[in-house]
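Biologist: I'm new to this one, could you walk me through it?
Modeller: Gladly, here it is.

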Amino acid sequence: MSIALLVLVGVLFAAGTYSLMERSLTRIALGVGVLGNGVNVLIVAVGSRPGRAPIIGEQGEFADPLPQALVLTAIVIGFALLTFLLALAWRNWTITDNDEVEDDVEDRLVASRVERNAKSTDVPHAEDVSQ
Amino acid sequence: MSSLVALPVLIPLIAAAVLLIARHRLAQRIISLAALIASLTASIIVLVDLWTDGPVTVVRLGGWPGEFAITMVADRLASVMVVVALVVVTAVLVYAMGQGSADEKSSFYHPVYMVMAAGISQAFLAGDLFNLFVAFEILLMASYVLLTLEGTNAQIRSGTTYVVLNVIESMVLVVAVGLIFAATGTVNMAELPERLAALPDGVRTGLQLLLLLAFGIKAAVFPLFFWLPDSYPTAPSSVSAVFAGLLTKVGVYCLIRVQTLLFPGELDGLVIAVGALTMLVGVIGAISHKDMKRILSFHIISQIGYMVFGLGVGGPAAIAATIFYLIHHIPVKTSLFLVEGIVARDSGSSSLDAVSGLARRSPWLAALFLVPALSLAGLPPLSGFLAKFAIVRAGFEDGQYLGVAVAIVVSLLTLVSMVKIWVGAFWGDVEPVDRVGAVGLLRRQPLMAVGTTVIVVSSLAIAVAAGPFYEFAEKAARQTLDIASYISAVRSS
């Protein structure tokens, strides 16, 4: 297991997680891509030892093919995900002219209701006064 | 027999490929309905064989030997979940045809829906962790598309939250699978229990927490539930009904496998605490909202809490209660969302401020709402009462008094918020006034009514035949807890 690879995994995870926290969809998509690569490198780094290609009939120390098969599948899935996220970002941009993730309307309604209730208990008989 | 196990995955996948070519709407409807009914029939045959004493059925795809093969394992729990899932998916498809929303008119709706059905079946039947991850990706990818198919602003906004959260969940899951493979050298669920048991305690706990985190996000347990009430309400009702009824329950099913097969009885205290908090937080969220779909979304969370609590209590009685709860909950939750869809379609809104007097206009619709609503709250003699009673009794016998108290209080609060919907939408004066003459709300939506009725009746059937169903749940629980027989069934196949 190589230390350099593990450091790389750490850097990719950190960078990917940081971009995921952003509100801009493009950066989120980039974060997903970077994080996905971090995961793939992690599986290869910890799951297999270096060796010759595992072909039937060959002799010597073989690399374990299973983690590579897993990573290959994960790469394909990650690719599809990234494409879908970019399509979402594009659609969001054509509708709203920016690519930020907006607040939830219903959440804002609940928050404003809480605020109103807090105000009306501060000032008793607020409705009487307004009438 | 073993060849039938794979059919609920294969048939919908093949149908999806055909549907991408056959773009004609009527042809698409016939093909997808036929595919789902065929899958359902196959899964029922497998279940009938397992219902009494049949052995665990194992399929090795590709015919590879030992732990290298991709295995599909149909034990009692897995096969009953596939049957319940396919019943719901089929009924909702009929409903969606009646609804004829912008979604169903798109020629991509049917193929994507089939892919989702295949993914759900595969998740229940998966015999190794990586295959489970792939199944999750299949059903998630389909769910992303279904959630955002209309491409409206609201759907894109909430779809983004949903997609990003689930991407993170997938990453956690694949990291967990990768690390488990690094630690044990296998991802086969029959080989894992022994090899995991040989690991040092710290490594085991770390791996288990990673799996619980991944499936916890999927099941929307406290404190990982925040994405759910945000994203489900924007989808059309036919889509959010399947999501609400099934997708979170796939997460619960995987949690059951983690806690019974891979790490039996470990971290049970944590699971119990999470379950109790999930019940409480979910129901409080439901009480604070005014939109039907939002209220129902928060109730998904609180109901998940019951199952997680039962799972944490552990032991044959509690696991049987959890399995029974799972079986009862899927049709109940789905039908509530379907009724909401009929209301929203008729009134243009599902906000309790805007809808009123539905009981006078359509008593039948009111009944379709009231039965699952009271079942959700746990009133006898409905299936929800039996499920909640079983969970509470198991918790009581185990001495989890605090959790039991929370469960009882939460079921009262559930009743409160169901009554709130009833008073707001079904009682009161008929509005809007110009539609007073329009009686027969359901007669104008025959397919939607059929889909909803089928699911409500099947939930009533669970209540009527509660004896056999509960007996089956007990058998399934014993089989789920019997790790040795699971391992020997997979190895000897």
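**Two helices of chain A**

Modeller: In chain A, the axes of helix α1 (residues 3-20) and helix α2 (residues 25-47) come within 7 Å and cross at roughly 155 degrees. Axes are lines fitted to C-alpha atoms, for helices over the stretch in contact, with angles from 0 to 180 degrees between N-to-C directions, and helices are DSSP runs (H or I, at least four residues) numbered from the N terminus. This is a predicted model, where local features need pLDDT of at least 70 and side-chain atom pairs count only at pLDDT 80 or more, while totals for chains, interfaces and linings use all residues. Residues are numbered from 1 along each chain as its sequence is written, and chains are lettered from A in the order in which they are written.

Biologist: Which way does α1(A) run relative to α2(A)?
Modeller: The crossing angle makes α1(A) roughly antiparallel to α2(A), a label for angles over 145 degrees.

Biologist: And which residues of α1(A) and α2(A) meet?
Modeller: Among them are A:L5, A:L12 and A:F13 in α1(A), and A:I28, A:V34 and A:L42 in α2(A), where contact means C-beta atoms, placed from the backbone, within 7 Å.

Biologist: Switching topic, how many residues of chain A are in contact with chain B?
Modeller: There are 30 in chain A, in contact with 27 residues of chain B. The largest share of the chain A side, 14 residues, comes from α3(A), which spans 65-96.

Biologist: How many helices and strands does chain A have?
Modeller: Chain A has 5 helices and 0 strands, a strand being a DSSP run of E with at least two residues.

Notes:
Parallel < 35°, antiparallel > 145°, perpendicular 65-115°, else oblique. Contact = placed C-beta atoms within 7 Å.
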